[in-house]
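The following note concerns the aromatic side chains of the model shown below. Please read the points alongside the coordinates.

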Amino acid sequence: MAYNHLAQSDPELAPLLATLASVQDNAPSTKETFAQAREHVDSVMVASARAAYASRTPPKHAVNSADHQIAVDDGQVHIQARSYWPASATNGDPTLPLLVWFHGGGLIFGNIEMDDDLLRILSVDLQLVAVNVEYRLTPEHPWPIPLHDAYAAVKWAATNATTLHADTSKGFLLGGVSGGCLFLPAIAHRALSDPFFAQHGKITGQVLQIPSIVHPDAVPDEYQANFTSLEQNTHAPLLTAKQVREALPLHGAGPPNPEYSVLMRPLEALSGLAPAYIQVCGLDPVRDGGLLYAAHLRAAGVPARVDTYQGAPHGFHVALPETRAARKFDGDVEEGIRWLLSRPESESV
């Protein structure tokens, strides 16, 4: 139980969390249809994110954006994406690193508007190109359809790097929040043996914010003692263990497999994987999946850096953006991306 101490209360956050819990308890538990439930949840998440980042979002003249349609399923379906690049970049001079990003929402909720402001901030602050992907959602599109969408989007971004004002030789990162992180280890592993990436650029880093990447029924024996967060944080604010478990059947993934639950992949299969920067909240039911992924990577010799936030629940940085811990969270991800862009070879912290 090496990670249980991370759930201990934070003096600043603790009194505020009681308010979050009461809001959650009083929220409507059902909607007339699933579509209405998604519309409600998405609107709340987008509004919260916009409010959280409002003071930091760069002015329109400082960052450019463009919407795109990406063909998937052999061109029979198109998914939406949005690219961002700093206005200071010279058009036609592809000198910026590339970050391909996947929103959260447990593969059930969410859209590219959720992280629109965040990616504008990262694009300007870090001078990079970001591509924000709206993959198809479960349960209408069961796993692995969302993964196939994500993989196609990464290839599309690499193929169109020059048009996007990017150069993958400067850095080719995958990033995501919560359920969107589920794609990152699978894509990074696929890319190791896909000749496409030898031509268009090797993936050089993974950015995982509050990742939900481990199926609770697929934790290897050697990690069981350290996988306690789902039980310890059963009634955590913002995300409960019940919500985590209720989401899993909606994914339609069937029995867990290495692309759906990363700890199932043997260590030898991780050799050469892109380094990872991971942010983990201590009062989060999915906390230990992120920490164990870092341990798994390190055991395979892959650099991994982790920042933890004691007493903080899943997504607290959006719900409580003015707290010291939230400001640290936002600053840490920029430092984590800078670390990945430095091409770490052996450092693991």
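Does F197 count as buried or exposed? The structure is a predicted model, and in it F197 has a relative accessibility of 4%, so this residue counts as buried.

1. Overall count. The aromatic pairs in the model come to 12. One of them joins F196 and F197: the ring centres lie 5.0 Å apart and the planes meet at 80°, so the pair is edge-to-face. The cut-off for that label is an angle over 60 degrees.

2. Burial of F196. The partner of F197 in this pair, F196, has a relative accessibility of 15% and therefore counts as buried, since the limit for that term is under 20%.

3. The pair Y309 and F329. These two rings form a tilted aromatic pair, with 5.0 Å from centre to centre and 50° between the planes. Y309 belongs to strand β8 (residues 304-309), whereas F329 belongs to helix α11 (residues 324-341), so the contact ties together parts that are 20 residues apart in sequence.

4. Burial of Y309 and F329. Y309 counts as buried because its relative accessibility is 3%. F329 is likewise buried, with a relative accessible area of 0%.

5. Aromatic cluster. One cluster is formed by F102, Y135, W143, F183 and Y260. The reader may wish to display these five residues together.

6. A charge over a ring. Which residue lies over the face of Y151? R190 takes that position, at 5.0 Å from the ring centre.

Conventions
Residues numbered from 1 in each chain as written. Predicted model: local features only at pLDDT ≥ 70, side-chain atom pairs only at ≥ 80, totals over all residues. Heavy atoms only, no water. Phe/Tyr/Trp six-rings, centres within 6.5 Å; stacked < 30°, edge-to-face > 60°. Buried < 20%, exposed > 50% of the residue type's maximum accessible area, 1.4 Å probe, protein only. Helix = DSSP H or I, 4+ residues; strand = E, 2+ residues; numbered from the N terminus. Lys NZ or Arg CZ within 6 Å of the ring centre and 35° of its normal.
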